[in-house]
Amino acid sequence: MPLRLEARAEPSRAMVFAAPVIAIAATLCLGGILFAALGFDPFTALAAFFIEPVSTVYGLSELLLKATPLALIGVGLALGFRGNVWNIGAEGQLIIGAVAGGGMALALYDVSGLWVMPCVLAAGVAGGAAYAAVPALLRTRFHANEILTSLMLNYVATLFLGWLVHGPWRSPEGYNFPESRMFTDSALLPLLVEGTRLHVGVLFAPLAAFATWVIVSRSFLGFQIKVIGMTPAAGSFAGFGPRRVIWFTLMFGGGLAGLAGAMEVAGPIGQLVPIVSPGYGYTAIIAAFLGRLHPFGILLSSLLLALIYLGGDAAQIALAVPFAVTQVFQGMVLFFLLAADVLIRYRVRFDAPRSVAS
Amino acid sequence: MMMMTRRAGLAAVLALGLGAAGSALAAEPLKVGFVYVGPIGDYGYSHQHNEGRLAVEKRFVGKVKTTYVENVPEGADAERVIRQLAQTGHALIFTTSFGFMNPTAKVARQFPKVKFEHATGYLRGPNLATYMARFYEGRYASGVAAGRLTKSNKLGYIASFPIPEVVRGANAFTLGARSVNPKAEVRVVWVNSWYDPGKEREAAEALIAQGVDVIAQHTDSAAPVQAADEKGVWAIGQASDMSRFGPRSHLTAIVDDWSGYYIARVQAVLDGAWTSTDTWRGFDAGMVRLAPFNPAVPAAVKAEALKVEDEIKSHKLHPFTGPIKDQSGKERVAPGKVMADADLLRMNWFVQGVIGDMPK
């Protein structure tokens with residue numbers, strides 16, 4: 001029976017929601033086959049990967065903890081992606097946010113008070129936004145492609161953080177090892193659930209998603225972003241250029257990435273170390289697209305990606321599944337999602353080709 | 001005060017749970033966990049720790065079950081992984097990278113019945129031991145061979161991060177080379193990574209272009225050995241015997257061997273004799289050794305390096321014996337004096353003969 005794709009007259013609304021589900025189902029099926037091929041019982045392995053990590057309160061708290069930076073960054077990036085602003089520099093903005101927040105925590109090392117932690121977070125937001133302002137300036141002033149400039153700045157940020165913790169900010173008690181002092185309790189985010197690492201910062205993710213949703217669907221600025229994203233020329237005809245959109249989306253995304261960075265160091269890490277992120281800034285790009293650039297979709301996709309990370313570790317411990325499987329799963333989800341997207345604009349036909357088609 | 005009681009309560013609950021698990025231990029094998037920062041296939045640092053784990057499995061068949069988690073990023077994730085191992089009944093957990101120190105210490109406080117061992121750090125506790133190898137002994141002995149073999153008197157050193165461990169290694173290599181060849185100089189290149197084959201290769205090529213004819217490395221990939229092989233200069237492998245990557249270039253390698261230590265520590269737990277210790281041993285305990293020398297190395301050079309190895313092993317020779325001058329020519333260690341371990345542990349200056357700066 002020949003299989004054929006037929007263009008839909010209208011993009012299917014149902015498929016917009018169904019495609020991620022199909023993608024995840026396909027990932028699970030192929031994942032099960034993969035596990036079977038590796039010699040594991042597929043059901044046990046999938047359960048170890050996707051169910052056991054979140055079967056306890058502690059596991060759930062870790063899931064939220066892991067998803068928070070992905071969601072914050074993803075939501076911010078998506079706003080830019082909608083407006084054709086391709087910020088690939090969230091990793092660097094996260095690191096500079098961590099540096100700024102961590103610097104504030106170290107500067108206020110001898111101070112205690114309820115206002116210290118908000119200062120740390122505010123510094124993180126400011127740091128991330130300021131770092132994103134660089135590609136914004138280069139793009140609006142010199143027409144330098146922000147994909148390249150923002151990406152390159154990631155490496156600069158990593159080296160800058162390395163220099164700080166190897167040099168001026170190195171802990172005096174740390175035997176010359178590259179790490180700052182541990183932050184004081186005043187600088188750390190209070191825990192939301194005692195006995196876990198889940199801190200109050202997790203609440204920023206839904207807040208940011210909601211704020212972004214308001215911007216996208218209820219503000220004139222959101223309308224401008226959409227118009228410029230679809231047809232840049234139409235924007236200029238309508239009297240608004242891309243400059244404002246570039247500046248706003250980069251600063252907004254940078255600020256949220258910076259917040260995520262500050263929350264990592266003032267949360268689970270508790271000090272500045274050479275590596276503060278396992279690549280959240282890059283994974284968040286996947287989260288943004290997996291969530292269809294919709295703020296609430298990104299909350300869900302961040303949870304899914306976080307689960308894949310957690311599941312990878314858990315399956316290694318429970319069943320000695322190799323680490324590479326985690327990366328294969330991430331790749332499969334993205335691949336199937338992009339593949340399933342075809343179904344939004346096309347429908348699958350099983351009948352013989354009709355001559356009237358097209 | 002409230003916090004204190006709650007913490008204590010949590011500890012009590014955990015202890016109870018673990019106590020219950022402990023009673024079943026007679027039948028159940030002892031579970032031992034390992035946390036690696038890199039992939040076990042790196043043929044470098046993590047690979048050697050994994051070899052140690054496999055030696056434990058082989059030694060205690062049926063009595064011990066091991067688990068490992070590879071590629072664990074240093075950062076927020078480590079604590080979750082370590083905690084999960086503790087929670088799933090692992091009675092002894094080795095965390096093998098410096099960046100796991102604070103997370104290990106945190107989890108160790110929450111699981112007082114579980115024994116933790118952290119490699120290369122300095123935080124200890126009643127249930128948290130530390131261990132490390134005196135790799136610098138191997139670097140000194142390999143430096144002796146390098147000092148003899150160089151024709152240009154230019155040696156290269158591919159360094160990862162400017163932490164005391166790496167600085168100490170470069171210094172020991174330099175001191176070893178200059179003990180037999182005072183004209184030898186060591187050029188240090190920082191690649192700011194533990195494992196980055198691309199950058200390591202570039203660094204090796206840059207050094208060779210400057211006339212370097214023996215390359216040592218404190219990074220984990222075999223790329224420098226391969227680059228040296230192509231250009232026809234010597235290279236000293238890191239962590240494991242890398243001769244398969246450079247049959248012509250591979251002079252020797254500084255091999256990390258954790259098997260003996262891991263077996264001893266697991267045995268101690270099985271015997272109920274485990275205590276929190278601070279271990280820093282080298283050639284004498286077999287934690288460090290030199291890989292077989294390349295057949296092309298002249299017998300006299302090989303014999304001299306092996307003699308140095310023997311002397312270090314029998315504590316007749318300490319690589320950091322004065323006089324030792326720093327790069328500015330200032331005497332740091334008086335003639336005949338041996339540097340104290342505490343000073344070795346925080347070493348952040350280069351000895352005379354090192355060309356290159358500490359990134360500041």
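In the predicted model, helix H1 of chain A is followed by Gly39(A), a residue with a positive phi near 95°. The helix itself covers residues 13–37, 25 residues in total. From its first C-alpha to its last it reaches 37 Å, close to the 36 Å expected at 1.5 Å a residue. A bend of about 30° is found at Ala19(A), with a proline, Pro20(A), following within four residues. Both Ala19(A) and Pro20(A) are buried, and the buried residues of H1(A) also include Met15(A), Ala23(A), Thr27(A), Gly31(A) and Phe35(A). An α-helix has 3.6 residues a turn, so residues three or four places apart point the same way. The packing partners of the buried residues of H1(A) are helix H2 (42–50), helix H11 (280–290) and helix H13 (324–345) of chain A.

Confidence was examined for the model as a whole and for chain B. The model scores ipTM 0.79 and pTM 0.83. The average pLDDT of chain B is 90, and 92% of the residues score at least 70. Among the elements of this chain, the highest mean pLDDT, 98, belongs to strand E3 (residues 92–95), and the lowest, 42, to H1(B). The pLDDT is below 50 over residues 1–25 of chain B, a stretch that has 9 contacts in the model beyond near neighbours in sequence.

Between the two chains, 31 residues of chain B are in contact with 27 residues of chain A. On the chain B side, two or more residues each come from helix H1 (2–23), strand E2 (64–69) and helix H3 (76–87). H3(B) provides the largest share of this side, 7 residues. The side of chain B that touches chain A comprises 15 nonpolar, 8 polar and 8 charged residues.

Chain B is divided into domain 1 (2–133) and domain 2 (135–255 + 288–355). The centres of these domains, taken over C-alpha atoms, are separated by 32 Å. Domain 1 of chain B contributes 9 residues to the contact and domain 2 of chain B contributes 12. On the domain 1 side, helix H2 (residues 45–59) of chain B gives the most, with 3 residues. That side consists of 3 nonpolar, 5 polar and 1 charged residues.

Most residues other than glycine have a negative phi, and most peptide bonds are trans. In chain A, His143(A) has a positive phi near 55° and lies in the loop between helix H5 (116–142) and helix H6 (146–166). His143(A) counts as exposed because 8 other C-beta atoms lie within 10 Å, where 12 or fewer is the limit for an exposed residue.

In chain B, the loop between helix H10 (299–313) and E13 holds Pro323(B) and also His315(B). Phi of His315(B) is positive, about 60°, although the residue is not a glycine. With 9 C-beta neighbours inside 10 Å, His315(B) is classed as exposed. Pro323(B) is joined to Gly322(B) by a cis peptide bond, with omega about 5°.

Gly329(B) occupies the loop between strand E13 (324–325) and strand E14 (331–333) of chain B. It is exposed, since 7 other C-beta atoms lie within 10 Å. Gly353(B) is 24 residues from Gly329(B) in sequence, and the C-alpha atoms of Gly329(B) and Gly353(B) are 9.7 Å apart in space.

Definitions and conventions. Residues are numbered from 1 along each chain as its sequence is written. Chains are lettered from A and ligands numbered from 1 in the order in which they are written. This is a predicted model: local features need pLDDT of at least 70, side-chain atom pairs count only at pLDDT 80 or more; totals for chains, interfaces and linings use all residues. The expected span of a helix is 1.5 Å times one less than its number of residues. The bend at a residue is the angle between axes fitted to the seven residues ending there and the seven starting there. A residue is buried if 20 or more other C-beta atoms lie within 10 Å of its own, exposed if 12 or fewer, and partly exposed in between; C-beta atoms are placed from the backbone. Two residues are in contact if their C-beta atoms, placed from the backbone, lie within 7 Å. Domain bounds come from an automatic or database domain assignment. Ala, Val, Leu, Ile, Met, Phe, Trp, Tyr, Cys and Pro count as nonpolar, Asp, Glu, Lys and Arg as charged, and the others, Gly among them, as polar. pLDDT is the predictor's confidence in each residue, from 0 to 100.
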